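This report describes selected features of a structural model. The sequence and coordinates are shown first, and the commentary follows.

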Amino acid sequence: MLTIKNLRVAIEGKEILKGINLEIKAGEVHAIMGPNGSGKSTLGNVLAGKEEYEILDGEVIYEGQDLLDLSAEDRARMGVFLGFQYPVEIPGVPMVNFIKTSVNEMRKFKGLEPLTAGEFLKLMREKKELVHLDSQLTNRSVNEGFSGGEKKKNEIFQMAMLEPKLAILDETDSGLDIDALRIVSDGVNALKHPERSTIVITHYQRLLDYIVPDFVHVLYQGQIVKSAGKELALELEEKGYDWLKNHSL
Amino acid sequence: MEEQDKILHEVTSQEYKFGFVSDFESESIPKGLNEDVIRVISAKKNEPEFMLQFRLDAYRKWLEMPMPDWAYLKIPPIDFQDIIYYSAPKTKPQYESLDEVDPDLIETFNKLGIPLEEQKVLAGVAVDAVIDSVSVKTTFKETLAEKGIIFCSFSEAVQEHPDLIKKYLGMAVPTSDNFFAALNSAVFSDGSFCYIPKGVRCPMELSTYFRINAAGTGQFERTLIVAEDESYVSYLEGCTAPMRDENQLHAAVVEIIALDRAEVKYSTVQNWYPGNKEGKGGVYNFVTKRGICRGVSSKISWTQVETGSAITWKYPSCILMGDNSVGEFNSVAVTNNHQQADTGTKMVHIGKNTKSTIISKGISAGVSNNAYRGLVKVLPGAVNSRNFSQCDSLLLGSTCGAHTFPYIEVGNKSSVVEHEATTSKIGEDQIFYCNQRGISTEDAIGMIVNGYAKEVLNKLPMEFAVEAQKLLAISLEGSVG
Ligand SMILES: Nc1ncnc2c1ncn2[C@@H]1O[C@H](COP(=O)(O)OP(=O)(O)OP(=O)(O)O)[C@@H](O)[C@H]1O
Ligand SMILES: [Mg+2]
């Protein structure tokens, strides 16, 4: 589904990603862990098509296509979803209008008619239930005044609405209380599908108890320094990143 | 920063979408202005003596006045002798049905997306269409007449209700008020008159669509709205003009008089031709709009969405004379490319316990300049008065300008005046968030801008709000390809 080869990325002249290699097959869940500032969000943003980055080298193949050639909106329409670490607020734009526009853009790309009002409301009700999203929330402006946890739930709600092929969840677990963590994880798991893949960026092994990864990668100073099965997360939690620094560098 | 530049380029490379010229014939008098021209205009319109005197008086005052230069605008010199001050469609049509109307005109309205017929049926809006300077069509007059409401062209009102015109014309905007108001008073060719009798709630939104058409024709509209005690009316004004190479001057005057407990809502969507991307052409819009809350507990609210014109100079104002009277000003002003706008309001508190609210949302893109200029003046006798002002500016890109000039004068201790102002940029992060959900940059900007302006758009009557939303998106839309 996704192949990243020797990806090197800089921002404002500073190299952040220093040669990332990653292979993600359909149906797999990959967790990316790593200390603050190691480049996890940068990787997510670059995959989603944020423009301010400079691609120094490497390539990214998504479903047989050169992903880096596509606009951010086309990547989204082709099924790449980024759950933001810090979702932005858009004052005055009701969440319901926003997600409706989004859903219909995706449909238009696939050559489908827009959903009727009835179909849309039904879908929305269903997906809101899935992540236990307060039903009032969708009437408010996009993320405006949402609590930290509500913002994260709202990201998962949008993911559920859009059913992406490749979901990149950037610290969706931080800021969630224990119940919310379980609900959000259940939401993610409910969307699990042999054709869909997920990249979970997290600092906490706890999340991986719920969303069980096939692989765990450690990103350190812009490089993946270690990849292993889910047991790696436990080991990291026990020993910290220092262990890895000494171990692999 | 690359993204900024791209967005900037996209939003600034937008061409005006409503540009076209229809070619039904007009009859004009020669260019230039002097007392004889004014006499000709007055004679052609068969006006009573008091009207001629009103015009001549205004003209003589105008001659003494300099053009105002205090606005944050670069106004090219205007040759007032190079303007045609009167033009009228050749035959004054009096149509029974739309079938009899010049098909070109209908076509024009269709291009504007304002099918008269549909509007009549669907929205129940009485339409008084002003093409050039003479009213061509008025509908729903009979329904209104049953309630004693007068809604007609200004010329007609001069003929049929001279007493009302004589009493109220110039009450809110005297001939000496300012350079452009004086000019308008001297040469105005037509406009609308609306009179709501005591105790009557006007059952429909009254609407006038203005257009500029004949080449090189100055446009001087005059609107007068009088609301008697306990009456209510909502008045809509909307316009879009055909594409032109040369600049066109537009100097309208709107006067509103609200008596005891009367309420007048005046809403405008303004989309005159703004000039091309290089700043060539476009309408100069120098408008004087003022309402007087003469009566106790009366209320006047101005709501405007300004997207057009090369230059906008416009300050819809309220004189709050009656005790407990209320004034409101809600504005969205968009400038793109080389457009310039200096717009705002004056709220003059004279009566006791008077209240005013100002909400101004400026949006600038391209290399445009957008200024808010507001005066809140509370006279010593206006005890316990209140004003709240909120002036927000939104910038698209880094080559445009937003400026705020609030003037506040409070003449007593019991009144409270509050002013809040913010300036923000459309964030790359907001646009990326939309992109990541499959929404194009162009649509994202439309969405964000409409969200930002929502507070004001919500004040518009429903069918107008929809039109205004489209207009906002269109006027900032780029050529994303
Ligand atoms: N616009 C920018 N300008 C300069 N440096 C930046 C910019 N954006 C990110 N960086 C730097 O890139 C590095 C990687 O940031 P990134 O957000 O990818 O880290 P992260 O691994 O997601 O960290 P965290 O766990 O704290 O979320 C950091 O040192 C950060 O300061
Ligand atoms: Mg991060």
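## Second largest cavity

The second largest cavity has a volume of about 120 Å³. The model is predicted: local features need pLDDT of at least 70, side-chain atom pairs count only at pLDDT 80 or more, and totals for chains, interfaces and linings use all residues; side-chain values use heavy atoms, with hydrogens and water left out. Residues are numbered from 1 along each chain as its sequence is written, while chains are lettered from A and ligands numbered from 1 in the order in which they are written. On a 1 Å grid over the protein atoms alone, a cavity is a set of points where a 1.4 Å probe fits but cannot get out, a pocket is an open set with protein on both sides within 12 Å along at least five of seven lines, and lining residues have an atom within 4 Å of a point. Grid points are joined across faces, edges and corners, and a volume is the space filled by probe spheres set on the points.

Of the 17 lining residues, B:Ser360, B:Gly362, B:Asn370, B:Ala371 and B:Tyr372 lie nearest the centre of this cavity. At least two lining residues come from each of strands E17 (326-335), E18 (340-349), E19 (355-364), E20 (369-378), E21 (386-395) and E22 (401-410) of chain B. Helices (H or I, at least four residues) and strands (E, at least two) are DSSP runs, numbered from the N terminus. The lining comprises 6 nonpolar, 9 polar and 2 charged residues; Ala, Val, Leu, Ile, Met, Phe, Trp, Tyr, Cys and Pro count as nonpolar, Asp, Glu, Lys and Arg as charged, and the others, Gly among them, as polar. In total, the structure holds 10 cavities of 30 Å³ or more.

## Second largest pocket

The second largest pocket has a volume of about 550 Å³. Its lining numbers 23 residues, and the closest to its centre are A:Asn97, B:Gly446, B:Met447, B:Asn450 and B:Gln469. E7 and helix H3 (95-109) of chain A, with helices H11 (441-452), H12 (454-457) and H13 (462-476) of chain B, each supply at least two lining residues. By class, these residues are 10 nonpolar, 8 polar and 5 charged.

## Magnesium site

A:Ser41 (OG) and A:Gln85 (OE1) coordinate the magnesium ion (ligand 2) at 1.9 to 2.1 Å. A:Ser41 lies in helix H1 (residues 40-48) of chain A and A:Gln85 in the loop between strands E6 (80-83) and E7 (90-94) of chain A, so the pair ties together parts that are 44 residues apart in sequence. Donors are N, O and S atoms within 2.8 Å of the metal (3.2 Å for Na, K and Ca); water is not among the atoms, so sites may look incomplete.

A:Ser41 is partly exposed at 23% relative accessibility, whereas A:Gln85 is buried at 15%. Buried means under 20% relative accessible area, exposed over 50%, and partly exposed in between (1.4 Å probe, protein chains only).

## Chain B and its cysteines

Chain B contains 13 helices and 23 strands, and 63% of its 481 residues count as buried. B:Asn285, in strand E13 (residues 283-293) of chain B, is buried at 1% relative accessibility.

The whole structure has 0 disulfides (pairs of cysteine sulfur atoms within 2.5 Å). The sulfur of B:Cys293 is 5.7 Å from the closest cysteine sulfur, in B:Cys318, too far for a bond. For B:Cys434, the closest cysteine sulfur is that of B:Cys400, at 19 Å, also too far for a bond. B:Cys293 is buried, with a relative accessible area of 0%, and B:Cys434 is likewise buried at 0%.
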